Structure formats: structure tokens, C-alpha cells
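Have it open beside you while you go through the points.

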Amino acid sequence: MFPYEEASWDVVDGPMYILANTSAPGWFTFIAVVICVVVLVIGQRSEAEKTKRFDK
Amino acid sequence: MLPYTIYNDMGVKNVEEQIADLVAQVAALEASSAGAAVTNTMFAETFYYLTIPLMIIIHAGFLAYEMGASRLKNVLSSGVKNILAFAFMIPTFYFFGWWVYWAFPTGIPGLPGPAGISGIEYANAIALGWGDSAQYMGPNIADQASGVFFGAFAMFAATTASIMSGAVIERIQTVGFIILAIVLGSFAWVVAAAWGWHADGWMVTNFGLHDFGAAGLVHAVAGFFALGVLINLGPRIGKFNADGTANHIPGHNMPLTVVGLMLIIVGFFGFLMACVLVPGEAWSWFADKPATIYGTPITLSALSFNILMAIAGGIIGSWLFTRDPFWMMSGALAGIISAASGLDIYFPAMAFIVAFSAGIILKPCADWLERRGIDDAVGAVTVHGTIGLYGVIMLGVWGAGFPALQGAAGDAPTISLLGQIIGAAVFFLLGFVPGYVVSYILKMFGMLRIPEGAEIAGMDLVKVPAHGYPEWGNKAPITPAE
């Protein structure tokens with residue numbers, strides 16, 4: 001959705017990204033943070049499991 | 001002018017002196033703005049000039065990537081193929097590719113478009129290397145733009161052709177490959193660009209198609225062109241077993257391949273930089289801000305945020321399920337490609353999430369294609385074709401409602417999911433159909449695939465008078481020092 005009332009670039013004088021002036025960017029940022037953390041947690045568990053097989 | 005200043009009783013200069021002061025100030029302002037104009041022109045020319053070597057880094061990357069992905073016996077012939085494709089892209093784009101871009105935005109028969117910068121007549125005036133047009137196709141002290149624009153576009157053409165080259169390594173004939181590269185790089189993607197990456201392009205003016213970073217018109221066209229070729233080319237000997245299961249044919253140097261992919265990422269910054277139209281020149285869209293090829297505003301800051309987040313998202317997504325550096329770096333590419341259509345308007349965290357999703361689906365999509373008997377040696381069809389279309393459609397999901405061109409509300413078409421789907425379908429056809437048809441014709445003439453004996457012996461032995469690694473192996477030549 002265009003973040004300005006008129007669908008024209010003539011009225012754009014600031015933020016011009018998708019869903020600007022809504023809470024969506026905050027939610028997207030939160031989801032991105034969660035993705036990074038989850039990937040690291042999953043990665044750590046699987047790497048630890050792989051290394052255990054070689055640990056004597 | 002009087003040699004002294006006359007002041008009245010109040011200490012104020014008289015009228016003649018005030019007029020003389022004003023004239024002097026105006027002259028000073030005109031001189032400085034002339035200087036500013038030269039500065040701006042030099043900035044604009046230098047900006048595009050610098051994108052050219054940055055984009056040549058993409059080719060250093062492709063060389064490393066594809067040579068590393070080849071087996072030892074084919075390493076140099078893969079390099080020769082790449083270097084020659086690059087070499088043929090430049091003159092063929094000069095001879096006719098540049099003309100096609102300017103001639104056909106409105107479709108056939110090449111009528112002028114609403115912005116007045118397209119059509120056969122316009123193309124004849126600026127894009128031919130002969131007649132009156134030649135003045136814009138060579139050194140011209142009054143034209144500091146045509147050459148650098150041509151150079152940037154020629155690099156786009158070379159990049160598009162190189163995308164196909166990785167998929168077909170280890171069994172394609174050199175001249176047949178060059179013919180395919182010319183069709184793809186100096187024609188097929190150029191038609192896609194004329195139709196979907198030009199302010200007069202009919203897909204833009206009629207359907208609001210928006211593909212800032214060329215995910216569809218370069219990557220999807222090239223990826224599906226490669227698919228059309230692969231269907232006729234056939235798999236490498238030993239790739240598939242009788243029961244249809246696939247064997248992995250590892251390249252001889254994975255580190256070289258991974259470094260090559262990272263170089264392609266470096267070059268991508270040049271590619272995306274060249275997608276921006278700088279302000280302040282007679283041909284600029286705005287006096288005071290950069291623009292996309294469509295004339296909509298953009299900033300390099302937006303690109304910095306979004307390209308970096310997209311690279312990161314793609315790598316992280318593909319690491320999660322593959323753990324393989326080849327697929328991680330392919331994920332970096334897929335990340336950029338998936339976000340490319342909307343790099344001007346995505347919120348950075350959104351670009352990260354879109355790219356992460358592309359990284360997740362990358363390997364499953366590549367495996368899906370392989371299960372259908374397609375031997376794509378480097379995953380080019382998936383990374384560029386599938387993910388390119390994914391990126392075009394993602395923008396339709398998230399960016400619907402954004403104006404696709406400048407203009408008052410209601411006058412300018414807006415981005416829509418339907419428009420992006422139509423664009424995706426056209427890009428698929430503009431890639432797949434010529435790739436399939438031309439490779440089929442080449443196959444009929446025996447110019448597509450090398451004979452089986454040559455493929456088994458190795459293409460370097462057959463085609464290249466040099467050794468990739470002359471000091472390795474029992475039969476390596478003894479050096480003079482020994």
C-alpha cells in the first residue's frame with residue numbers, strides 16, 4: 001500500500017518505503033531479529049550434534 | 001565605471017553604483033553555476049563510468065565460479081567460453097542491442113511512447129553506428145552521457161549472457177554457445193528491458209510493472225533461456241543413472257567457486273548502481289534527486305540498506321538447511337535477486353525476510369528441477385529464473401498501490417499483483433522460447449553439443465592449447481628447472 005493519501009510521487013517528501021507510517025516496519029524488524037536468533041539456535045544445536053559424533 | 005565610489009549624505013551608494021554591484025553579482029553567479037553545471041556533468045559521467053569496472057568484477061566472479069565448478073579436464077574451456085561470450089556481447093550490443101532497447105518499448109511496430117524517448121525513429125537517431133546517429137555512438141565533446149550509458153547497458157548484456165553460461169558447462173560447443181549468448185545478451189533480455197524497464201515500456205504504462213533491479217528482465221529471462229537450452233543440450237555423461245537418480249558431479253575447486261560468487265556480489269553493487277539515473281542533467285528525471293529507470297524517485301541510501309539486508313537474508317536462509325558454502329553464496333545471489341524488483345521501496349527488514357525466504361526455497365527448487373532430468377551444473381535456472389520470477393511477484397504482493405511512473409494520482413499506473421504476474425509470464429516466455437528454439441536449431445545443425453568421445457576425454461584436451469594445472473598429475477610436463 002502506498003504510504004501517502006494520493007497515489008503520486010509528487011506528494012512524497014519523506015519515508016517512501018512499503019507500509020511507511022504504520023507499525024509494520026517495527027514488526028518486520030522484530031521478525032528479522034527472531035529469524036536471526038532462531039537460525040543461530042538451530043545452527044548451534046545441529047553443529048554440536050555433528051561434532052559429538054567425532055568426540056572420543 | 002567611475003574610479004571611485006560616490007556615497008550620498010546617508011552613506012548609501014548611488015543608484016549607478018548599486019546597479020554595477022548587482023551586475024557584478026549576477027556575473028559571478030552565472031560563472032559559478034556554469035562551473036556547477038560542469039561539475040554535475042562530470043559527476044554523472046564518472047558515476048556511470050565507475051559502474052563499468054564494478055560490473056566487470058562480475059565477470060571475474062563468473063570466471064572463478066564456473067572454472068571452479070568444472071572438473072579438471074574442462075577447467076580452461078569453461079573459462080574460454082566465458083571470456084569469449086563477454087567479448088562478443090560488446091560489439092553485438094553496439095551493432096544492434098542498444099538500438100533494440102530504444103526502438104521497441106511500445107512493442108512492434110516500434111512507435112514512439114508517451115515519454116518521447118522511444119520508437120524506431122528515436123532509436124535510428126541515437127543508437128546506430130552509422131549516419132547521423134554515429135555522433136552519439138562515439139567520442140563527442142558535446143555528449144558526455146551516451147557512451148557511459150551504452151557501457152553500463154553493455155555490461156548488463158554481458159552479465160545476462162554469463163548467467164546462462166554456468167548451466168551449460170562441460171558439454172556445449174563454443175560457437176553454438178556464443179550464438180546463444182548473443183541471442184540472449186543482445187536481443188532477448190533487451191526486448192524484456194524495452195518492454196518492462198523503460199518509462200515508455202508497454203508493460204509499465206499498461207500494467208504498472210515495476211522491476212527496479214531487473215530481477216525479471218535480466219535474471220528470469222536468462223535463467224529460463226538457460227532452461228530452454230538445457231532441455232535440448234541434455235545432461236552431462238554420468239549425471240543421471242538409468243533409474244533417473246542424479247549423481248553429484250563436484251567441481252574441481254569449491255573455494256574458487258565460492259570466492260567467485262562473492263566477487264559477483266561485489267559486482268552487483270555496480271549493476272544496481274547503474275540502475276539509478278542521477279539528477280541535474282538535461283536527460284535526468286529530477287533536478288535534485290536520483291530516479292529509477294521509470295522516473296520514480298530513489299536514493300542510493302535505500303539501495304545500501306536493502307542490498308545489504310538482502311544479501312544477508314539470502315545467505316542465512318540457505319545456510320539453515322544446506323550448510324554448504326556453494327548454496328550459501330548462491331543464497332546471497334538469490335537474496336539480492338528476490339528483493340531486486342523493489343530495492344527502491346522495500347523496508348530493509350522486509351527485504352531481509354523476502355531474501356531469507358528465497359534462501360530457504362533455493363535448494364528444494366533446484367532439487368525439483370534435477371528430479372525432472374535437467375542437469376543445471378550451477379543451479380542457474382533456479383537462482384536466476386525461479387527466484388527472479390519469485391522476486392517480481394513478491395513486489396506485487398507487498399508493493400501494490402505504489403505509482404509505477406511519475407504523474408498525478410490517477411494518471412500514473414500503479415504496481416499491482418496482476419501486473420507483476422503478467423510481467424513474470426512475459427519474462428518467462430522471452431527467456432524460454434528463444435532459448436529453446438535457437439538451441440533446437442543449433443542442435444539440428446550439429447552445433448550444440450560436443451561429441452561423446454570429446455566430452456569424456458575432456459574439453460581442454462580437445463579445444464584449449466594450454467594446461468590448467470601443468471604441474472599436477474603423473475603425466476605433468478617436467479619443468480626446465482628439473
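**Notes on the model**

1. B:A214 sits in the loop between α6 (202–207) and α7 (215–233) of chain B; helices here are DSSP runs of H or I of at least four residues, strands are runs of E of at least two, and both are numbered from the N terminus.

2. Before going on, some ground rules. This is a predicted model, where local features need pLDDT of at least 70, side-chain atom pairs count only at pLDDT 80 or more, and totals for chains, interfaces and linings use all residues. Residues are numbered from 1 along each chain as its sequence is written, while chains are lettered from A and ligands numbered from 1 in the order in which they are written.

3. On confidence: chain B has a mean pLDDT of 93, with 96% of its residues at 70 or more (pLDDT is the predictor's confidence in each residue, from 0 to 100). For the complex, the predictor gives an ipTM of 0.96 and a pTM of 0.92.

4. Most residues other than glycine have a negative phi, and most peptide bonds are trans. B:E170 has a positive phi of about 80 degrees and is not a glycine. You'll find B:E170 in the loop between α4 (146–167) and α5 (174–196) of chain B, and it counts as buried because it has 25 C-beta neighbours inside 10 Å. Then there is the cis peptide bond between B:I108 and B:P109, with omega about 15 degrees; B:P109 belongs to the loop between α2 (75–103) and α3 (120–126) of chain B.

5. Chain B overall: 15 helices and 0 strands, in a box of roughly 105 × 60 × 45 Å for the C-alpha atoms along the principal axes. Of its 482 residues, 51% are buried. Counting contacts between residues at least 6 apart in sequence, 76% join residues at least 24 apart (contact means C-beta atoms, placed from the backbone, within 7 Å).

6. B:A69 is worth a click. It lies in helix α1 (residues 15–69) of chain B and is buried, since 27 other C-beta atoms are within 10 Å. B:L256 is 187 residues away in sequence, yet the C-alpha atoms of B:A69 and B:L256 are 8.3 Å apart. Beyond its neighbours within four places in sequence, the contacts of B:A69 include B:G166, B:G251 and B:A377.

7. Chain A has 1 helix and 0 strands, its C-alpha atoms fill a box of roughly 70 × 15 × 15 Å along the principal axes, and 16% of its residues are buried.

8. How many residues of chain A are in contact with chain B? The count is 21, against 23 residues of chain B. On the chain A side, 17 are nonpolar, 2 polar and 2 charged (Ala, Val, Leu, Ile, Met, Phe, Trp, Tyr, Cys and Pro count as nonpolar, Asp, Glu, Lys and Arg as charged, and the others, Gly among them, as polar).

Definitions and conventions:
Buried ≥ 20, exposed ≤ 12 C-beta atoms within 10 Å, placed from the backbone. Contact = placed C-beta atoms within 7 Å.
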